Amino acid sequence: MSTYNQTTAAAGPGADFSEGRRWLQLVVGVVCMVATANIQYAWTLFVPEIQKTFGWERASIQIAFTIFVLVQTWLAPIEGYFIDKFGPRFMVAFGALMIGTAWVLNSQATTLMGFYVGAAVGGIGVGSIYATCINNALKWFPDRRGLAVGLTAGGYGAGSAATILPIAAMIESSGFQETFFFFGLLQGGLAFIAAWFLASPKPGQVKPSTKLTQSSRDYTLPEALNSKLFWLMLLMFTCVVTGGMMAVAQLGVIAQDLGVKEFKVDLYFFVMAALPLALMLDRIMNGISRPLFGWISDHIGREKTMVIAFSLEGIGIIALGYFGHNPWAFLILSGVVFLAWGEVYSLFSALAGDAFGTKHIAKIYGVLYCAKGIGALFVPVGNLLMEATGTWSTVLYTVAAMDLFAAFLAITVLPKALKNHVARSTALNAADASATRSASAHA
C-alpha cells in the first residue's frame, strides 16, 4: 500500500479527478516529443550531404552531434529549475523556439562552427521539451508513472519513424538546406502550438498508486542529494546506460568484426543486410521497451522490473559475444539487448517520482539524468578495451558485467534502501508537523 505526498494525493470523494484530462496531457506530451525527435534521430541523414557540399571530414561534422548530446544532458538540472519555477507551457514553448531555430541555423550554416552552434541550440531545445514532458507525466500519473513516462519517452525514441522517409525524400529532391529550414519551422511550430495545451495538475486532480511504495514527502534537491537512495540510483543508472550506449555506439564495428555486417537477410518479402536490419530493430525495440517495462513496473514494482530488464540485457550481451558470429543470432540477440536497454528512461524517472515526490522532481531527475552524460564520456573506453585486448568480446563481457551488477543491486540493496527512505520521509514529515504546531503555539 502506498504512502503518497499530500500535494498530489486525491482529496477524497469530492476530488476533481479527471481521467480524460490527464490522458489529454499525456497525448500532448507525446506530440511534443515526436516533434522533437528528429533533432537527434534524423541527423544521420544530413551528415553525408553536409560532407559532400563542404568537403569536411565526417569526424569533424559529427562533433556537432556530440555537442548536442552533452548540452541536452548536462543542462538538465538547470532546465529542471526553470520547469519547477515557470511550469510546462513556458518551458515547452521556449524549447520549441530553440528546436526550430536550431534547424534554421543549420540551413544557413556555411562553417563547422555554424553547425556546432546549431547543435548547442538544439540541445537546449530538446532538453527543455524532454525534461518538461517527462516531468509532467510523472505528476499526472502517480498511479501509472511507469506507463505514462514510458509512452512519453517512447514518443521521443520512436518519434522520427513517421518523418524519416519524408525528410530523406526532401533532401534528395530539394537539398539538405531547404529540408533543415522547412522541417525546422514545421517541428518547432507543432511543438510551440502543443505547448499551450500543457498544464500541471492541481491538488485533487490525480490519485495515488495503491500498489507501490511512494514517498510521503516532496523532497527538495539538497534533501534528495543528501539521501543514500539518490546516489544508489545514480550508480545503477550510470552502469546500465553506459553499457547500453557502448553496445549501441559500437554495433556497426562489432557486426563487421563478427563477420555478419554484409550478410543478406532474406525475409521472403524483402532482403536487407544484417546491420541495417539490426539498427531498424533498435528503433522498434526502443519504442516498445519504455512503455512495456514501465507498465510492468506499475504492477510488480520498479525494483523487480529492474532485475528482469537488467538481467535480460546482461545475458543478451553475453550471448551476443558468444553466438554473434551467426547472423540470425546476431539479429535476435541485438533485438533483445535493445529491448532491455531503452527502459532505463522510464524506470529511473518513475522511481525518482515515487521516492522524492513531484514538487521538485524536475530538478532532482535533471541531476539523475546526468547519468546519461557520464555514460557518454565512458563510451570511448570501449574502443580502448578493444585495442588493448584485440577482441570485442572483452567489451561486451564488461558491458554485461555492468548490467548484471545493476541487477544485483536492484535485488539486494535497492528494496531495503527504498523502504528505509520512505520510512525516513514519514518521520521527517512528522517532525515538520510538530515544528509547525510548536511555532503556532508560540506565535
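Visitor: Helices here are DSSP runs (H or I) of at least four residues, numbered from the N terminus. With that settled, which element gives the largest share of the nonpolar patch?

Guide: This is a predicted model, and in it α4 contributes the largest share of that patch, with four residues.

Visitor: Which residues make the patch, and what is its area?

Guide: I78, Y81, F82, F86, F90 and F94 form a nonpolar surface patch of about 560 Å². The elements giving two or more residues to this patch are α4 (76-86) and α5 (88-108).

Visitor: Where does F90 sit?

Guide: F90 belongs to helix α5. Its relative accessibility is 43%, so F90 is classed as partly exposed.

Visitor: Changing topic: how many salt bridges are there?

Guide: The count is nine salt bridges. One of them joins E19 to R22, with the closest N and O atoms 3.3 Å apart.

Visitor: Is R22 buried or exposed?

Guide: R22 has a relative accessibility of 0% and therefore counts as buried. E19, in contrast, is partly exposed, with a relative accessible area of 29%.

Visitor: Which residues are linked with E19 and R22 in a network?

Guide: D143 and R144 join E19 and R22 in a network of salt bridges.

Visitor: What do K52 and E49 do?

Guide: Their side chains meet in a salt bridge at 3.8 Å, N to O. K52 and E49 are three residues apart in helix α2 (residues 43-54), so about one helical turn separates them. K52 is exposed at 64% relative accessibility, whereas E49, at 23%, is partly exposed.

Visitor: And which residue forms a salt bridge with E223?

Guide: The partner of E223 is R217, and their closest N and O atoms are 2.8 Å apart. R217 counts as buried because its relative accessibility is 10%, under the 20% cut-off. E223 is partly exposed at 26%.

Visitor: How many disulfides are there?

Guide: The count is zero disulfides. As for individual cysteines, C239 is buried, with a relative accessible area of 11%, and C370 is buried as well, at 8%.

Visitor: How many residues of α15 are buried?

Guide: Twelve of its 15 residues are buried, which leaves α15 mostly covered. Among them are P327, F330, F338 and W341.

Visitor: What caps the N-terminal end of α15?

Guide: N326 does so, through a side-chain oxygen that lies 2.9 Å from the backbone nitrogen of W328.

Visitor: Last one: where is S227, and what does its side chain reach?

Guide: S227 is in the loop between α10 (221-225) and α11 (228-249). Its side chain reaches the backbone nitrogen of F230 at 3.4 Å. S227 is buried, with a relative accessible area of 5%.

How values were computed: Residues are numbered from 1 along each chain as its sequence is written. This is a predicted model: local features need pLDDT of at least 70, side-chain atom pairs count only at pLDDT 80 or more; totals for chains, interfaces and linings use all residues. Side-chain values use heavy atoms; hydrogens and water are left out. Patches are made of residues with over 30% relative accessible area and no salt bridge: like charges are joined within 9 Å, nonpolar side chains (Val, Leu, Ile, Met, Phe, Trp, Tyr) within 5 Å. Accessible areas come from the Shrake-Rupley method with a 1.4 Å probe; for residues, only the protein chains shown count as cover. A salt bridge is a side-chain nitrogen of Lys or Arg within 4 Å of a carboxyl oxygen of Asp or Glu. Buried means under 20% relative accessible area, exposed over 50%, partly exposed in between (1.4 Å probe, protein chains only). A disulfide is a pair of cysteine sulfur atoms within 2.5 Å. A polar contact is a pair of N or O atoms within 3.5 Å; within protein, one must be able to donate a hydrogen and the other to accept it, and residues adjacent in sequence count only if both atoms are side-chain atoms.
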